[in-house]
Amino acid sequence: MSESPDFRRAMRDAFPERPAPEQLRAWAQNVARTGGDTRHSEPERVRTISRSAGARRVLQAAALVLALGAGWGGHALAIGLARGTSADDAMVGELVDSHVRSLLADHLMDVKSTDQHTVKPWFIGKADFAPQVTDLASDGFPLLGGRIEYVAGHSAAALVFGRRKHVINVYEWPASSADQRVVREQRSGYSLLHWTANGLSFWAVTDATPADLDAFRSAYTPGH
Amino acid sequence: MPHLDAAYTLAFYLVRDAADAEDVVQEAVLRAVRYLSTLRSDASARTWLLAIVRRECYSAYRARRARAEHTLERGDDEERQIVDPGERPDDAAGRSVLRSHLIAAVDALPERLRETLILREIQDCSYEEIATITEAPLGTVMSRLSRARAKLADELGGVLDIEELS
């Protein structure tokens, strides 16, 4: 069979070009822009994004840029932080943006499963810590899946739970020993709850009610 | 970042999963960015980036694909229509039948034939570029292409007039 325009047309119809997702494009542009910075510190062989400090740094930078929703305005936020904006305040903003983005960008989950024994192993090699993954379907918070996020300088495991028709994003990363606080926040119509338990720092974000978050917390980490 | 769409498209059709394709492209970009400035010709940059993407697809996802995880997004939201193989599609419905048969037939191709065909027909690569990207001799590329088309003609012969393929 030789080359045929009809065949090529049929192939292109069946396998159309897939434009890179916007998030990936922004990330890649940032990498291309800061390529000089990563060149010297990045390990020769990058096995996964989460294991590479260089990769994590550029992802964080990209996350900052995306969180601002303002193209290359990332510098502005970096300057703002250096001037002493409350770290919590910036983090709450980032978490809300991450939550909203996960709902908008069709990027809620990289691993879709209601089985905690499927979701938890998925993080091996992607996160450099073991997140807590507990299905709370019997408490009215069914596990839906998970993904890796980069929030406030942390590689975070994001677990996704349902609450009636709402979604709860739970961000987990290793807690610093000093952090024993419980923080309740409201931002742009979203509720946030922060607590620590079992060496992990939790930030839950949702458009469900603050009471839902408290119920989630006592079910997820009883006694904390 | 030039050629990102081409990189993502190739990754998407090789690993057949949007999230995996994103991971692959990120790895490839991190590798590529260190050498990007040293490249002169636009065409060779594209070939070279696609070669990196392909290698990433295989190194990162061979094991995973071997477990026969086959999450093909486009397959999920499209109905696969079964037709009488003798029927000749010549209208819009027929084209959609051809399309779903073609997708299934390409997916069923052995990996080397499939990637060669995708690079040729979707990415519009020359034989020489495909040889570079897939690290295969030119003769092998041409034989893989003709085997891929022959297999498709076999598979689809009953669905569409063979003249449409040849």
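Two strands pair if DSSP finds at least two bridges between them. Keep that rule at hand for the first exercise. The model is predicted.

**Exercise 1. Strand pairing in chain A**

Find how β6(A) pairs with β7(A), and in which sense.

*Solution.* 
- Step 1. Locate β7 of chain A at residues 200–206.
- Step 2. Apply the rule: pairing needs at least two bridges. β6(A) and β7(A) have 7 bridges, in the antiparallel sense.
- Step 3. Check one bridge. A:T196 has A:S201 of β7(A) as its partner.
- Step 4. Look at the turn. This hairpin has 2 residues between the strands, and A:N198 takes a positive phi near 55 degrees.

**Exercise 2. The neighbouring hairpin**

Describe how β5(A) and β6(A) pair.

*Solution.* 
- Step 1. Find β5 at residues 183–187 and β6 at residues 190–197 of chain A.
- Step 2. Count the bridges: 5, in the antiparallel sense.
- Step 3. Pick a facing pair. A:V183 stands opposite A:H194 of β6(A).
- Step 4. Inspect the turn. The two strands form a hairpin with 2 residues between them, and A:S188 in the turn has a positive phi of about 50 degrees.

**Exercise 3. The face of a helix**

Work out where the buried residues of α8(A) lie around its axis.

*Solution.* 
- Step 1. List the buried residues of α8(A), residues 210–220: A:D212, A:L213, A:F216 and A:Y220.
- Step 2. Look down the axis. These buried residues fall within an arc of 100 degrees, so they line one face of α8(A).
- Step 3. Recall the geometry. An α-helix has 3.6 residues a turn, so residues three or four places apart point the same way.
- Step 4. Name the packing partners. The buried residues of α8(A) pack against β3 (154–163), β4 (166–174), β6 and β7 of chain A.

**Exercise 4. Two helices in chain B**

Decide how α6(B) is oriented relative to α8(B).

*Solution.* 
- Step 1. Take α6(B), residues 111–121, and α8(B), residues 138–156; they pack at about 95 degrees, with axes 9 Å apart.
- Step 2. Angles of 65 to 115 degrees count as roughly perpendicular, so α6(B) is roughly perpendicular to α8(B).
- Step 3. Find the contact. α6(B) contributes residues including B:L113 and B:L117, and α8(B) residues including B:V141 and B:L145.
- Step 4. Sort by class: 5 nonpolar, 1 polar and 5 charged residues.

**Exercise 5. A loop cysteine**

*Solution.* 
- Step 1. Count its surroundings: 24 other C-beta atoms lie within 10 Å, and B:C125 is buried.
- Step 2. Beyond four places in sequence, B:C125 contacts B:L119, B:R120, B:I130 and B:I133.

Methods:
Residues numbered from 1 in each chain as written. Chains lettered and ligands numbered in written order. Predicted model: local features only at pLDDT ≥ 70, side-chain atom pairs only at ≥ 80, totals over all residues. Axes fitted to C-alpha atoms, helices over the stretch in contact; angles between N-to-C directions. Helix = DSSP H or I, 4+ residues; strand = E, 2+ residues; numbered from the N terminus. Parallel < 35°, antiparallel > 145°, perpendicular 65-115°, else oblique. Contact = placed C-beta atoms within 7 Å. Nonpolar A, V, L, I, M, F, W, Y, C, P; charged D, E, K, R; others polar. Buried ≥ 20, exposed ≤ 12 C-beta atoms within 10 Å, placed from the backbone. Arc of directions from axis to C-beta.
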